[in-house]
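Here's a quick tour for anyone opening this one up for the first time. Have a look at the structure, then follow the notes below.

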Amino acid sequence: MNTQQFVSRHISMNEDDKKAMLDRIGVSGIDELISQTIPASIRAEKELNISEPLSEYELIRQSTALAAKNADYTNYIGFGYHNTLLPAAIKRNILENPSWYTAYTPYQAEIAQGRLEALLNYQTVISNLTGFPLSNASLLDESTAAAEAMSMFFSNRTKEQKKSAAKFFVSDLVLPQTVAVLRTKAEGLGIEIVEGNHKNHQFSNQYFGVLLQYPGKNGIVLDYTEDIKSYKELDLQVAVACDPMALVKLKSPADMGADCAVGTSQRFGIPMGYGGPHAAFFACKEEYKRDIPGRIIGVSVDAYGKRALRMALQTREQHIKRERATSNICTAQVLLAVMAGMYCVYHGPKGLNYIADQIHFKANALSDALSVLGYDVVEEPHFDTVKMRIHEDEKGNLMRLMRDRKINLNYFSEGIVSISVNESTTIEKLNCLVEAFANFKQKQAFKLEIKENHSIPADLLRKDAILTEEVFNSYHTETELMRYIKRLERKDLSLTHSMIALGSCTMKLNAAAQMLPISWSGWGSVHPFVPTEQAGGYQEIIKELEQDLAEITGFAGTSLQPNSGAQGEYAGLMVIREYHKANGEGHRNIVLIPQSAHGTNPASAVLAGMKVVVCKNLENGEIDPEDWKAKAEQHKDNLSAAMITYPSTYGFFDANIKEIIKIVHDNGGQVYMDGANMNAQVGFTSPGLIGADVCHLNLHKTFAIPHGGGGPGVGPICVASHLVKFLPSNPNIKIGTPESIDAISAAPYGSALVLNISYAYIKMLGASGLKKSTEHAILNANYLKEVLAEHFPILYSNENGRVAHECIVDFRQFKSLGIEVADVAKRLMDYGFHAPTVSFPVAGTLMIEPTESESKAEIDRFAEALISIKKEIDEVANGEADPANNVLKNAPHTEQVVISDSWDKPYSREKAAYPLEWVRENKFFASVSRVDEAYGDRNLVCTCEPIEAYM
């Protein structure tokens with residue numbers, strides 16, 4: 001074995017196993033299998049033009065060299081991003097821990113109680129600081145959270161407002177990147193953004209909502225109470241974009257009378273990472289509970305009445321509401337929310353108050369020093385940012401002097417320079433800064449004196465105590481925190497335990513060598529709005545990754561800005577919309593979507609201002625070409641686009657795909673290809689080759705960014721040459737063209753830090769390794785399908801009986817016995833496995849995707865578990881097991897239940913806990929029994945219990 005080849009670490013290369021699998025499938029070799037799986041008409045004729053594969057050692061050396069090209073400046077830019085101090089205990093035990101970063105979104109609550117508790121902590125922090133009773137478990141970034149608030153308000157207009165109110169007021173104190181993202185969202189929804197002074201703007205009945213910034217973009221802290229009171233008299237809904245570190249000291253948005261608060265928790269220990277990923281937050285009044293975007297963690301009980309956590313109110317989500325959804329949010333930022341919440345657990349209320357005080361006291365000292373030096377400091381309440389007036393010519397000279405000293409200030413506002421102090425700002429750094437300012441004025445420098453007094457008006461300071469819950473007052477030593485994190489970690493099943501064969505989710509290996517650079521300061525400490533020449537390392541990986549992804553997809557250009565798959569869908573549709581407008585065909589607004597599509601597709605289409613026309617699938621799973629053609633021709637004058645997942649969500653390559661695409665083009669539409677299933681295409685075909693115009697990719701699926709328990713995700717779009725000039729822009733860093741759409745995300749390159757992972761994945765595999773990964777993904781899926789087909793119906797395959805990279809197993813035939821597919825999913829936990837995708841895209845089924853990273857031995861264990869469960873179902877069918885009291889209905893069986901003194905089940909404890917011999921070797925117990933879903937929704941509790949509950 002060549003130990004320098006990463007491909008042999010990513011894929012099980014055992015030739016004996018490979019031959020056995022091919023024999024079981026009934027083919028002579030991998031080439032024959034591929035030819036039977038991927039239609040010849042769409043096969044690529046040439047190999048990918050990707051650089052030769054690097055070894056892990058070479059990749060780490062290269063990443064180290066690239067990180068050194070990111071200039072080490074002291075940043076006082078602010079504008080929503082601040083340098084932080086991530087506690088080593090959190091970095092080591094969460095960020096660098098595969099038990100946390102390889103877990104999936106906690107749909108299977110019984111084996112996800114650890115991260116559910118960590119997310120409940122996060123929600124509690126946000127509810128505490130904002131003053132609102134309801135918080136979600138994170139969103140993508142502050143700007144998209146603000147856009148979600150606008151969208152929520154729009155759908156919650158009064159009956160009267162729905163007749164004419166389509167204007168949304170944005171204060172001129174709001175961050176420019178947020179305004180840009182709002183404009184994009186408003187374009188699709190038919191909303192008019194109006195910017196102005198929140199104090200003297202003249203409102204009319206055409207307005208429905210207001211967005212304020214707290215503190216303002218250059219640091220001003222204002223009490224909006226009276227302003228909001230006047231807005232409410234006009235029936236306006238009010239959102240406040242706020243800084244959670246400032247909220248430690250400041251009056252909450254809820255106390256001011258707002259309806260909703262949004263922001264980013266990046267200041268709670270999360271590296272800037274050239275823009276992300278960071279966990280945004282969204283908190284609101286309880287009356288919005290059916291409309292709040294993203295996921296909510298709620299408290300429920302299990303089958304024995306024990307407290308258990310779960311994702312609450314899931315009927316709000318886009319995969320259920322589809323085109324009726326008011327948000328397309330799917331992936332959130334779970335790993336970052338867990339870290340931010342744990343930062344608050346570790347520091348507690350006293351620690352957070354100390355940090356916030358130090359930031360504020362240092363800002364005050366800096367303000368005083370600049371005034372003494374003769375600068376025109378703006379006298380206004382501030383938390384962390386000092387603002388001064390300066391002539392534009394003088395600003396340029398100051399900028400050059402500061403950059404010579406490796407210092408970045410905020411020069412974005414005309415006639416203003418602002419300086420934002422952060423947690424990492426030391427006295428030494430401030431003295432260097434003051435010395436530079438003194439030098440600019442040719443005056444004598446002096447040492448700063450930090451005075452511990454607040455300059456914020458008393459009526460703006462918070463009066464209530466924060467984070468009184470026990471969890472925030474218990475774990476302040478590293479030993480205590482380490483054990484608390486480990487206690488939560490042990491409750492969760494991740495890829496460190498077993499295969500997670502979630503169809504359409506591609507839970508492949510997240511290799512350690514790919515992950516290492518994201519915790520290096522050379523990548524983490526770069527502000528997203530530094531001049532591009534200061535981010536040389538980032539610019540290189542971004543340029544190369546854009547080129548590689550364009551090559552892999554067969555397209556001409558790439559935007560890495562969308563920071564989730566759903567945002568990629570939305571970005572692709574907004575680019576198509578702009579293309580039609582540029583051609584004088586802005587009226588085109590119809591989107592064809594097959595009934596098999598993922599729920600985010602219709603939700604994204606509606607948010608992009610499109611009308612959804614659903615098209616039929618044939619019984620064999622293919623798109624019905626006659627229905628497709630009829631609807632395309634019916635809407636040819638207004639056809640904007642079609643959204644197609646390929647291979648289809650049913651798990652195989654439609655042979656008629658080129659015909660389907662041609663129909664769209666012939667009727668004036670563009671074709672968006674959903675890249676969720678790209679893992680079956682790479683190296684063998686591509687969306688561009690097939691004929692699509694734009695596709696999005698899930699870097700957290702195909703290109704190895706970990707799921708992180710429900711985020712981060714990255715959803716770049718790749719486009720054909722005629723669409724390149726419309727790719728998204730950014731107001732602070734000039735990217736794109738004059739024809740570009742406004743921003744999709746806050747940062748110019750989205751969640752840039754984790755682009756390192758996909759960059760490393762491609763560079764270590766190279767063209768040959770990428771192709772081999774696709775081969776093995778298809779091999780593993782077809783082998784598993786053949787094994788399971790002897791025991792269960794497999795719903796869809798192509799005319800050769802082959803599936804792509806996943807297969808759908810049907811369990812509907814057991815419904816007459818009282819056995820639901822959910823029972824099978826829960827029973828799999830007793831065998832040590834996370835369930836595959838349940839009831840999507842077909843109710844009553846499991847969609848199974850083993851990925852290329854799993855060995856034959858692991859796939860065999862998974863298959864054996866399902867076959868064993870089939871025998872347990874047969875026991876019910878044969879009358880050997882009670883229809884209502886059996887191993888499936890009572891699953892999962894916790895350790896406490898199994899060892900309890902009272903065992904009242906009609907089967908043995910051993911059968912419950914150790915159904916197969918190999919389960920003993922690596923037993924994983926769910927920490928709670930089956931969770932009562934309905935109870936949690938009827939009794940909605942989305943925060944930790946107060947300390948009084950423990951007394």
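Threonine 506 sits in the loop between H17 and helix H18 (512–515), helices and strands here being DSSP runs (H or I, at least four residues, for helices; E, at least two, for strands), numbered from the N terminus. Its phi is near 50°, a positive value in a residue other than glycine. This is a predicted model, where local features need pLDDT of at least 70 and side-chain atom pairs count only at pLDDT 80 or more, while totals for chains, interfaces and linings use all residues. Residues are numbered from 1 along each chain as its sequence is written, and side-chain values use heavy atoms, with hydrogens and water left out.

- Threonine 506 counts as buried because its relative accessibility is 1%; buried means under 20% relative accessible area, exposed over 50%, and partly exposed in between (1.4 Å probe, protein chains only).
- Glutamine 442 also has a positive phi, near 55°, and is a residue other than glycine.
- You'll find glutamine 442 in the loop between H16 and helix H17 (478–489), and with a relative accessible area of 74% it is exposed.
- Lysine 289 belongs to the loop between strand E8 (280–284) and strand E9 (296–301); its relative accessible area is 25%, so it's partly exposed.
- From lysine 289 to leucine 888 is 599 residues in sequence and 33 Å in space, C-alpha to C-alpha.

**Cis peptide bonds**

- Glycine 711 and proline 712 are joined by a cis peptide bond, with omega at about 20°.
- Proline 712 is in the loop between strand E20 (694–697) and strand E21 (717–719).
- Phenylalanine 840 and proline 841 are linked by a cis peptide bond too, with omega at about 0°.
- For proline 841, look in the loop between strand E23 (837–838) and strand E24 (845–848).

**An open sheet**

- Three strands line up as E11-E12-E14 in an open sheet with antiparallel pairing; two strands pair if DSSP finds at least two bridges between them.
- E11 and E14 are the edge strands, each pairing on one side only.
- Strand E11 (residues 376–377) is tied to E12 by 2 bridges, running antiparallel.
- Across that pairing, aspartate 376 has arginine 389 as its bridge partner, and valine 377 faces methionine 388.
- On the other pairing, 5 antiparallel bridges connect E12 with strand E14 (residues 416–420), and lysine 387 stands opposite serine 418.
- Strand E12 (residues 385–389) is largely enclosed by the rest of the structure, because 4 of its 5 residues are buried.

**A parallel pair**

- Strand E16 (residues 590–594) runs parallel to strand E17 (residues 611–615), with 5 bridges between them.
- The chain gets from E16 to E17 by way of helix H22 (residues 600–607), a right-handed β-α-β crossover (with the strands pointing away from the viewer, the path from the first strand over the helix to the second runs clockwise).
- Within this pair, proline 594 stands opposite cysteine 615.

**Cysteines**

- There are 0 disulfides in the structure, a disulfide being a pair of cysteine sulfur atoms within 2.5 Å.
- Cysteine 718 has its closest cysteine sulfur in cysteine 695, and at 4.8 Å that's too far for a bond.
- Cysteine 695 is buried, with a relative accessible area of 0%, and cysteine 718 counts as buried at 0% relative accessibility.

**Pockets and cavities**

- The second largest pocket has a volume of about 660 Å³. A pocket is an open set of points on a 1 Å grid over the protein atoms alone, with protein on both sides within 12 Å along at least five of seven lines; in a cavity, a 1.4 Å probe fits but cannot get out, and lining residues have an atom within 4 Å of a point.
- Of the 34 residues lining the second largest pocket, Asp72, Tyr73, Asn83, Ser521 and Ser525 are the closest to its centre.
- A search of the whole structure turns up 12 cavities of 30 Å³ or more.
- The largest cavity holds about 250 Å³ of space, and of its 24 lining residues the closest to its centre are Phe79, Gly80, His82, Pro215 and Asp243.
- Strand E5 (207–214) and E14 each supply at least two residues of the lining of the largest cavity.

Terms used:
Points joined across faces, edges and corners; volume = space filled by probe spheres on them.
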